[in-house]
Amino acid sequence: MSANGDGDDEIPGRELAYRLFAAEYDDASFSYAESDEERAPNYVITPTGARLNRVFAVGTLTEVTSVNDEMVRARVVDPTGAFVVYAGQYQPDELAFLEQAEPPAFVAVTGKARTFQPDDSDQVYTSIRPESIATVDADTRDRWVVSAAEQTLDRIGTYAGAAELDLSSEKLTDALLEADVESGLAAGIPLAREHYGTTPSYLAALRACAL
């Protein structure tokens with residue numbers, strides 16, 4: 001099974017950039033850090049068990065709005081929903097790109113997966129902090145949609161199979177690794193099971209969406 005993103009899975013030590021649909025990313029509400037160290041990787045876990053540090057998304061840039069003097073918010077729409085992208089002073093190239101962009105336009109975004117929960121709300125919001133943004137053509141967008149659908153169907157199948165195993169979280173991860181499941185997904189599925197209790201009906205609806 002592969003969860004590779006935009007080819008950077010060949011770079012040792014670098015996190016995979018997952019391809020997934022906005023609909024699933026928007027349903028994510030669980031994130032954690034590997035440790036208390038400042039540079040420890042942060043992960044967002046999706047209902048199918050994708051363990052996201054980085055995301056690769058392609059879609060239509062529909063709007064760019066100013067949050068404040070140093071940050072903009074952009075919406076990148078795929079066939080299932082919208083990714084929210086925040087770029088600020090720590091992403092100068094991406095900020096400049098978005099400030100000069102003229103929606104609508106097809107764009108490819110690679111960036112860090114993030115969640116945010118307002119103090120006065122139970123709602124958790126997902127976003128992407130961009131590492132790179134580029135204008136792309138319709139063929140690139142279409143190929144991304146196909147690959148995102150394929151990877152989503154792969155994860156659904158792996159999660160459904162794992163759900164039938166009566167194993168503790170640690171043993172489930174070990175069993176998935178022995179079955180050659182990508183390490184991030186093998187670690188993420190038990191966490192998704194604990195946090196979301198992802199149901200067969202959710203998987204079926206996401207599968208129909210992907211198809």
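1. Arg75 touches Thr60, Leu61, Thr62, Glu63, Ala82 and Phe83, leaving out residues up to four places away in sequence; contact here means heavy atoms within 4.5 Å. Arg75 sits in strand S6 (residues 71-78), where strands (E, at least two residues) and helices (H or I, at least four) are DSSP runs numbered from the N terminus. With a relative accessible area of 34%, Arg75 is partly exposed; the classes are buried under 20%, exposed over 50% and partly exposed in between, with a 1.4 Å probe and protein chains only. Arg75 and Thr60 are 15 residues apart along the chain, and their C-alpha atoms are separated by 8.0 Å.

2. On the basis of the model: this is a predicted model, in which local features need pLDDT of at least 70 and side-chain atom pairs count only at pLDDT 80 or more, while totals for chains, interfaces and linings use all residues. Residues are numbered from 1 along each chain as its sequence is written, and side-chain values use heavy atoms, with hydrogens and water left out.

3. Thr62 belongs to strand S5 (residues 54-68) and is partly exposed, at a relative accessible area of 36%. Beyond residues up to four places away in sequence, Thr62 touches Arg75, Val77 and Pro103. Gln89 is 27 residues from Thr62 along the chain, with 22 Å between the two C-alpha atoms.

4. Pro103 also takes part in a cis peptide bond, the one from Pro103 to Pro104, with omega near 0 degrees. Pro104 is in the loop between helix H2 (92-100) and strand S8. Within H2 lies Asp93, which is exposed at a relative accessible area of 61%. Asp93 and Pro130 are 37 residues apart in sequence and 9.6 Å apart in space, C-alpha to C-alpha.

5. Which residues touch the most other members of the largest nonpolar core? They are Tyr25, Leu52, Val55, Phe83, Ile128 and Trp144, out of 49 residues. H3 gives the most to this core, with seven residues. Such a core is a set of buried Ala, Val, Leu, Ile, Met, Phe, Trp, Tyr and Cys residues joined through side-chain atoms within 4.5 Å. Leu52 is in contact with Tyr18, Leu20, Tyr25, Asn42, Tyr43, Val44, Thr46 and Ala113, residues up to four places away in sequence not being counted.

6. In helix H6 (residues 200-210), the buried residues are Leu203, Leu206 and Ala210. They lie on the same side of H6 because they cover an arc of only 65 degrees around the axis, the arc being that of the directions from the helix axis to the C-beta atoms. An α-helix has 3.6 residues a turn, so residues three or four places apart point the same way. The buried residues of H6 pack against H1 and helix H3 (138-163), whereas the face turned away from the buried side carries the exposed residues Ser201 and Ala208.

7. Thr173, in helix H4 (residues 169-178), counts as buried at 17% relative accessibility. Its contacts, apart from neighbours within four places in sequence, are Ala186, Ala187 and Pro190. The loop between H4 and helix H5 (183-195) holds Asp180. Asp180 is not a glycine, yet has a positive phi of about 65 degrees; this residue is exposed, with a relative accessible area of 59%.

8. The largest pocket holds about 380 Å³ of space. A pocket is an open set of points on a 1 Å grid over the protein atoms alone, where a 1.4 Å probe fits, with protein on both sides within 12 Å along at least five of seven lines; lining residues have an atom within 4 Å of a point. Grid points are joined across faces, edges and corners, and a volume is the space filled by probe spheres set on the points. Among the 19 lining residues, Val84, Tyr86, Tyr125, Thr126 and Ser127 are closest to the centre of the largest pocket. Helix H1 (22-27) and strands S7 (81-87), S8 (105-116) and S9 (125-135) each supply at least two lining residues, and S7 has the largest share, with five. The lining divides into ten nonpolar, five polar and four charged residues. Ala, Val, Leu, Ile, Met, Phe, Trp, Tyr, Cys and Pro count as nonpolar, Asp, Glu, Lys and Arg as charged, and the others, Gly among them, as polar.

9. The second largest pocket holds about 280 Å³ of space. Its lining is made up of Glu15, Glu38, Arg39, Ala40, Pro41, Asn42, Asn53, Lys112 and Arg114. These divide into two nonpolar, two polar and five charged residues.
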